[in-house]
Amino acid sequence: VHDYHGLRVGMNICYDGGFPESARCLTLLGADLIVLPTNWPPGAECAADYTSNARAMENVVYYMAVNRVGTERDVTFIGGSRICDPLGKTIAAADR
């Protein structure tokens, strides 16, 4: 967890978002915001639709999932980036 002008930011990476423990550890270390850069492909729509909200609500922190879009090496990514508030509500979301 790193301080950025008074905001305590923790980082999950891709598959970390699927496990509650990693976000919980960052919260216990003082994170106000957890950021999740990820590469969700087709088939991961459920993760894109619900994981960020659940992690935010479980830990009472802001949670931001940033997914890529487009196609690389015949793999298409689904987008769906979002920011959730500490109550688990989506406060901003990108289209797929």
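1. A residue is called buried when its relative accessible area is under 20%, exposed when over 50%, and partly exposed in between. These cut-offs are applied below to a predicted model.

2. Arg55 has a relative accessible area of 8%. Arg55 is therefore buried, because 8% falls under the 20% limit. Glu58, at 40%, is partly exposed.

3. Side chains of opposite charge can pair when their charged atoms come close. The side chains of Arg55 and Glu58 form a salt bridge, with 2.9 Å from N to O. Both residues belong to helix 2, which covers residues 45-59. Arg55 and Glu58 are 3 residues apart, about one turn of that helix.

4. How many salt bridges does a search of the whole structure find? The search finds 2. Besides the pair in helix 2, there is a salt bridge between the side chains of Arg68 and Glu72, at 2.4 Å from N to O.

5. Arg68 has a relative accessible area of 30% and is partly exposed. Glu72 is also partly exposed, at 35%.

6. Strand 5 (residues 69-72) runs antiparallel to strand 6 (residues 75-78), and 4 bridges join the two.

7. Strands 5 and 6 form a hairpin, with 2 residues between them. In the turn, Arg73 has a positive phi of about 50°.

Conventions. Residues are numbered from 1 along each chain as its sequence is written. This is a predicted model: local features need pLDDT of at least 70, side-chain atom pairs count only at pLDDT 80 or more; totals for chains, interfaces and linings use all residues. Side-chain values use heavy atoms; hydrogens and water are left out. A salt bridge is a side-chain nitrogen of Lys or Arg within 4 Å of a carboxyl oxygen of Asp or Glu. Buried means under 20% relative accessible area, exposed over 50%, partly exposed in between (1.4 Å probe, protein chains only). Two strands pair if DSSP finds at least two bridges between them.
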